[in-house]
Amino acid sequence: MLENAPVPRPLFPMVRRPMVCRPGFAVLLLGATVAGTVAPVAGQVVRGRLVDSADDAAVGGAMISLLDRNNNQISRVLTRDSGLFEVSTTATGRYRLRADRIGYATTYSDYFDLAAGDTVTIRLASAVAAVSLAGIEAEADRRCRVRPEEGLAVTRVWDEARKALDAAAFTQERGYYRYEMMGILRQLGPEGRHVVSEDRNFERAYRQYPFVSLPADSLIAEGFARITPNESVYWAPDAGVLLSDPFLDTHCFRLKTDGSEEGLIGLEFEPVPGRRIEEIRGTLWLDAENSELRRLDYYYQNLDLPPGLERANPGGMVEFEALPNGTWIVSSWRIRMPRGRVEVSPFDSRVVTVLDGITEQGGDVLKVHGNEGTVMEADLGGRIAGVVFDSLRAGLPGAVVFIEGTTIETRTDREGRFEFTRLEPGIYSVNFTHRYLSRFSYLPEPWDVEVVDGAETPAQVNFAAPRIGRVLDRLCDDVEPPDEATTMPGGRVLRSHAILVGRVTNDAGDPVSGATVRVLFREYDISAFQEGSVVDRRLRAGRAGTAVTTDALGYYRACWVPVDTSLRVAVLDPGEQLNPDALEVAYTPSEFIASREEEVLIPAQQRYATLNLRVESKQP
C-alpha cells in the first residue's frame with residue numbers, strides 16, 4: 001500500500017453481523033417493515049384505536065408511543081389500517097400516549113395510571129390540523145441550536161423530520177419484507193463526473209435490517225471516520241443515530257437559507273463548537289407541502305486527509321421513502337470517498353498525495369414485496385437510450401451495446417433500439433459491437449454521454465454500424481505498418497499488407513480469451529548442429545513473425561502479415577516462448593511435423609483471411 005494514499009472503505013454492518021465493507025464488496029441497502037402489531041410481553045397493556053377527530057375514520061400508519069411522566073418513550077407501534085394498536089410496559093406508573101402522523105399536529109392523550117397486570121383501552125382522536133412547512137423562513141436569529149425550544153420554526157421542521165426518522169428506526173428494528181436490491185460500486189475520475197468503472201450486483205432476499213450504522217455512542221465518542229496512512233474507513237448515520245441523545249446533544253440545528261431546492265425546506269445540522277473528532281455536518285430535506293422527509297445530504301469534517309484529497313469533498317446521501325402502511329425505509333444510499341495516488345513533485349522532489357479519483361459506493365431498493373403484493377417499486381433513475389443503425393440506415397437488431405469500464409450491457413431489439421436504466425449522474429462512455437464486427441476483433445469509437453440528475457427524458461446516443469470495407473480500412477489503424485517490403489535471401493520479396501483474423505475455441509466450442517496466437521512468416525532453415533559426438537538437425541534462426549492475444553470473445557487479429565507467403569499459426573501454451581528470433585532450437589524436424597501449427601496463405605489480391613483455431617481443454 002502506498003504511504004499517505006488512503007484506501008477508502010465505507011462501513012455498513014450487514015444483517016448477520018457487523019463487518020467492514022471494502023470497495024469491491026457490494027453492500028446492498030435494504031429497508032425492513034412491519035404490518036400490524038408486535039406481540040406484547042408480560043406486563044401492562046394499552047390497547048386502543050386512533051381515529052380522525054373530524055369524521056371518526058380510522059387512521060392507519062400512525063406512530064403510537066407510550067410515554068412516561070418524563071416523556072421518555074417506553075414502547076411504540078404503528079397503527080393498522082383499522083386504526084387499532086397495542087403497546088405494553090413491564091413497569092407500573094403514570095403514562096400517556098402520543099400519536100405522530102406526518103403532516104399533522106401531534107396528538108396526546110390524557111395521563112392514566114397502570115397498575116400491575118392492567119389492560120387499558122383508550123380511544124384516541126387524532127388532530128385535524130395539517131402541518132405545512134411551506135412559507136417557513138429562517139428566523140433572523142441564525143444561531144445553530146442544540147435541542148431548540150418550542151415555538152421556533154426550526155423546532156417545527158425538526159418535529160416533522162423526527163416523525164419520519166422514528167418510523168424508519170421502528171421499521172429497521174421490527175419488520176420483514178422481501179426486497180429486490182442493487183449494490184453499486186463506481187470509480188469516478190478526479191473531477192467526480194466521468195465514470196471510469198461501475199460494478200453492480202443484484203439480490204432478492206427477506207431482510208430485517210435496512211442500512212444500519214454503528215451505535216450512536218461509538219460514533220460520537222470515536223468519530224464517523226478512521227483515517228490512517230494506509231486506509232480510510234467511513235461511517236454514515238442511520239435514523240437511530242440521528243434521533244439518539246448523544247447525537248442531539250453534540251449537534252445543533254438551524255433552517256437552511258441558501259441553496260434550498262424548489263419545494264423542499266432544509267434543516268441543517270453541524271457539530272457543536274469545540275469538537276475536533278471526525279464528524280459530519282449535513283441537511284435533512286423535507287417536502288414543504290406534505291412535511292415528508294426526502295433525504296439526508298451529509299459531509300465529513302475534521303478529517304486528517306492529505307491536502308490533495310480534500311477537494312473531493314467526501315460525504316454521502318441517504319434517501320427515505322414511506323410505504324403504504326406507514327412504515328419507512330431507507331430506499332437508497334451513497335457514500336463518496338477520495339482515492340489517492342502518490343507522486344513526486346517536479347518542483348522540489350517532495351512525495352505528495354494527489355487526488356486520483358473518487359470511489360462511490362451505495363445501494364438501491366428496487367422493489368419491496370409483502371403479503372399484499374408489490375408495495376414499492378423504484379423509478380428507472382438516469383437513462384441512456386438510442387438506436388444502432390446498419391449501413392442502410394435501418395435498425396440493426398442483436399447488437400450488443402455496453403458502457404465501457406462496467407458490466408452494464410444490453411442487446412438491441414428488432415428495430416435496433418436500446419436503453420440503459422438506473423444510472424447515476426455522470427459521463428459514460430457508450431459503445432457497441434455486433435457479430436459481424438466481432439470476427440474482426442474490431443470496436444468502433446465510443447461516445448461520451450452525460451446523464452443529468454433529474455432529467456425527465458433519457459440521454460440520447462445513436463450509432464451507425466460501418467460497412468465491411470470501412471472496417472477493413474480502419475482495422476489496423478493502431479498498428480504501425482511496415483515501411484517497405486522485406487527482401488528474403490534468394491531475392492524473394494515479402495509484401496506485408498494483409499490481415500489475418502480468426503477465433504480460438506476449445507474442444508467444447510467455447511471461446512478462449514487471453515490466448516496467445518503466434519504467426520510465423522519465414523520458411524524454416526533446417527541445418528546440422530554438432531554437440532560433442534552427436535549431430536542434430538534442428539530449425540535454425542532467421543524467422544520473423546508476430547504474436548497477438550485473443551479478446552474476451554476468443555477473437556484475434558494479426559495485422560500486416562505477408563501475402564503469397566506460407567504463414568504458420570499456432571496457439572501457444574502459457575509460458576511458451578513468444579519471440580520467433582529466439583527460437584533457434586525450438587523444434588526438431590519430427591517435433592515440427594507433429595506440431596500444433598496450421599498453415600495459411602493469403603493471395604496478393606486479398607486484404608484479409610480467416611483462420612479459426614481449436615485447442616484442447618485442460619483437464620483439472
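Tutor: Let's start with a term: a nonpolar core is a set of buried Ala, Val, Leu, Ile, Met, Phe, Trp, Tyr and Cys residues joined through side-chain atoms within 4.5 Å. Buried means under 20% relative accessible area, exposed over 50%, and partly exposed in between (1.4 Å probe, protein chains only). This is a predicted model, where local features need pLDDT of at least 70 and side-chain atom pairs count only at pLDDT 80 or more, while totals for chains, interfaces and linings use all residues. Residues are numbered from 1 along each chain as its sequence is written, and side-chain values use heavy atoms, leaving out hydrogens and water.

Student: How many residues does the largest nonpolar core have?

Tutor: It has 105 residues, and L97, F247, I384 and V430 have the most contacts inside it. A second, separate core has 20 residues, including Y556 and A609.

Student: Which residue pairs with C144?

Tutor: C144 forms a disulfide with C252, with 2.1 Å between their sulfur atoms. The torsion about their S-S bond is about 105 degrees, so this disulfide is right-handed. C252 is buried, at a relative accessible area of 3%.

Student: And is the link of C476 and C559 left-handed or right-handed?

Tutor: That link is left-handed, with -85 degrees about the S-S bond. The sulfur atoms of C476 and C559 are 1.9 Å apart, and both residues are buried.

Student: What pattern do the disulfides follow?

Tutor: Counting bonded cysteines along the chain, the pattern is 1-2, 3-4.

How values were computed: Disulfide = S-S within 2.5 Å.
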